[in-house]
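Please examine the sequence and the three-dimensional structure shown below before reading the report.

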Amino acid sequence: MQTKAKANQQFILSERSGDDEKEFKDFYILGSFDFCCAFCGSAYAEDEAESYCEYSYEATKTVDETCTEDGYTVYTCAICGDSYTEVIEATGHKLGSSTASVEPTCTTDGYTYQRCMICREMVVVSVIEKTGHTYSSSTTSASYSQHGSITYTCTICQDSYTEVVHSYDITEISPATCTQEGYTVYTCTVCGDSYTKVIALIAYGFGNNKQYCTVCGTENSDYSISTDSTDTQAQGIDNNDNGDSGENSADASAENNSSQNSTSSSADSDTSTNNNASANYDSNTALSSTDSLLLSASVMESTDSAETAKPKKTKIKKLKKGKKKFKVTRKKISGVTGYQIQYATNKKFTKNKKAVTVKGTKKTSKTIKKLRSQKTYYVHIRTYKTVNDKRVYSKWSVVKKVKTK
């Protein structure tokens, strides 16, 4: 048996092949050679020495496999120190027959599971979807000066959240017509938040072939005149044609029937006069009907305009500052139902905008409280009147500013 040895290293030979079983020890200190035979002392280059080793591998390290991780064994040659590793695959779980479960909640999934009989690890078999919240609600109504709220609470896990309820009031109305959509603006009386609702177009009132719309008075482009008089004229032309075919016969008896023709002519003249009078009467009647329709549409438009006309505009006479508050004094205006004060922390009324609505016109001043100290506020005011249970607002007054104490 041969073994290779690196230079400057000590090697011990414990067994010799062949008949001689004598045990002995040899020590070699090499100089210029890379490898030598520990049995005979012959020196070899490194690439030559490899072919002379008769490998004898032994397991030098073992790591056992588990259910989820591979194991391995390291084998090392007792002669030359060469080694290799042998992998042992993971066994995998061996599940028992019993199954347990974890119930789902509103926000997390549940599952069923079994335990491994080897490592006792829990293995998920199936997932049970989360149930989601089941909310019940309680409401606090809003007022002109305070928001309302809706609180939602889960009946299972008691999770809860709250939504703000705005105190919306109609601040602007533009009625719809047959040609243009209308709109209604709703504004919160507490914070000034607003939204717009579109009013659909009104259908034209051209029913029964009317010449003018009964809503807005617009002329009907598809209006068609009755064909009764045209049919009568056509019939008269046919009768005259039939009379011309017997012209010779009529001339032959003209003298004998002169008195009759005279009487007939007189009768025709009377009939013609009566027909002309009737035609004039019908024409006058139709004209009167058209004028009446136009007049009715005009009156309707005038009435709608009067009802939706904006009230008179007011103005701020004085702004008096106070500690975390200010007082607004307005000009008194007649013919209105109340007024609205709007204030914000910038000129464009886009930051911290709020509105206060005051019913009635007796009081000409209003104090705005619970403000920030040493803060500049921009203020304007407008009046409103109630028309058909809806508020119609005037234009805003000139903006003024005040700084709180």
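This is a predicted model: local features need pLDDT of at least 70, side-chain atom pairs count only at pLDDT 80 or more; totals for chains, interfaces and linings use all residues.

Residues are numbered from 1 along each chain as its sequence is written, and side-chain values use heavy atoms, with hydrogens and water left out.

The structure contains one salt bridge, that is, a side-chain nitrogen of Lys or Arg within 4 Å of a carboxyl oxygen of Asp or Glu. Asp169 and Arg391 form a salt bridge through their side chains, at 2.0 Å from N to O. Asp169 belongs to strand S13 (residues 168–174) and Arg391 to strand S22 (residues 390–393), so the pair ties together parts 222 residues apart in sequence. Strands are DSSP runs (E, at least two residues), numbered from the N terminus.

The table gives relative accessible areas; buried means under 20%, exposed over 50%, and partly exposed in between (1.4 Å probe, protein chains only).

| Residue | Relative accessible area | Class |
|---|---|---|
| Asp169 | 10% | buried |
| Arg391 | 8% | buried |
| Cys80 | 22% | partly exposed |
| Cys154 | 0% | buried |
| Tyr55 | 40% | partly exposed |

There are zero disulfides in the structure, a disulfide being a pair of cysteine sulfur atoms within 2.5 Å. For Cys80, the nearest cysteine sulfur is that of Cys77, 3.5 Å away. For Cys154, the nearest is that of Cys157, at 3.7 Å.

Tyr55 is found in the loop between helix H1 (46–49) and strand S4 (57–63); a helix is a DSSP run of H or I with at least four residues.
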